[in-house]
Amino acid sequence: MTTALFSVAGAVAVVAAVVVVVSRRIVHAALWLVLALGAVAGCFGALQAEFVALVQILVYVGAIVVLVLFALMLTKAPTNPLPELTTGRSPFAAVVAAVLALILGTGVVLAFGNEKIKPVTDGSATAIGTQVFKNWVLPFEVLSVLLLAALIGAIALSQRKDSAQHEAQHEKED
């Protein structure tokens, strides 16, 4: 049963990830990214790593995708497809991606063969919580400060750009 759930969640993640890459609208790509990351959380859930699955949903689906959407809104990036950004290299990129997927898939099959997927024991909330709050407290806090600084910087840059555009428009009117 674990292998079947893992396989279905993995297939959904791969299909959603491909749609993220080929999507022409950035907001649609972000929404497909939610599905892809949610399916990865499903893979962790199938392996009975409940803590990792919940962190996947909270951090990646809940924070990273929202951060991407906020970045789109703050920078006022165009959300419509831009034909001038599309290159003629897409078929070559598809061939390279297929060859890489074949190489990686072959490596996984050769490495693991017919082994069954087994639930993990180190992915429980107790085991990971003990590791994070005993051995990894300082890196955890440094990372949180770094993310806070990045968010403050993004807000400051977006406000500076808006005020400069507003002043330039004001000078034109005078």
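## An exposed leucine

A residue counts as exposed when its relative accessible area is over 50%. Leu54 has a relative accessible area of 52%, so Leu54 is exposed. This value comes from a predicted model.

Where does Leu54 sit? Its place is in helix 3, which covers residues 50-75. Gly38 lies 16 residues away from Leu54 along the chain. The C-alpha atoms of the two residues are separated by 9.7 Å.

## How helices 1 and 2 pack

Helix 1 spans residues 2-22, and helix 2 spans residues 26-46. The two pack at an angle of about 160 degrees. Their axes are 8 Å apart. Angles over 145 degrees count as roughly antiparallel, so helix 1 is roughly antiparallel to helix 2. Their crossing is left-handed.

Which residues make the contact? On helix 1 they include Leu5, Phe6, Ala9, Gly10 and Val20. On helix 2, Trp32, Leu33, Ala36, Gly42 and Cys43 are among them. By class, the contact has 18 nonpolar residues and 3 polar ones. It has no charged residues.

## Transmembrane regions in the record

An unreviewed UniProt entry places the feature "transmembrane region" at residues 6-22, 29-47, 53-72, 92-112 and 136-157.

What does the model show over two of these stretches? Residues 6-22 are 100% helix and 0% strand. The end C-alpha atoms of that stretch are 24 Å apart. Residues 92-112 are also 100% helix and 0% strand. Here the end C-alpha atoms are 30 Å apart.

Key. Residues numbered from 1 in each chain as written. Predicted model: local features only at pLDDT ≥ 70, side-chain atom pairs only at ≥ 80, totals over all residues. Heavy atoms only, no water. Axes fitted to C-alpha atoms, helices over the stretch in contact; angles between N-to-C directions. Helix = DSSP H or I, 4+ residues; strand = E, 2+ residues; numbered from the N terminus. Parallel < 35°, antiparallel > 145°, perpendicular 65-115°, else oblique. Left-handed = near helix turned anticlockwise from the far one by under 90°. Contact = heavy atoms within 4.5 Å. Nonpolar A, V, L, I, M, F, W, Y, C, P; charged D, E, K, R; others polar. UniProt positions renumbered as here; feature names shortened; annotations may be inferred. Buried < 20%, exposed > 50% of the residue type's maximum accessible area, 1.4 Å probe, protein only.
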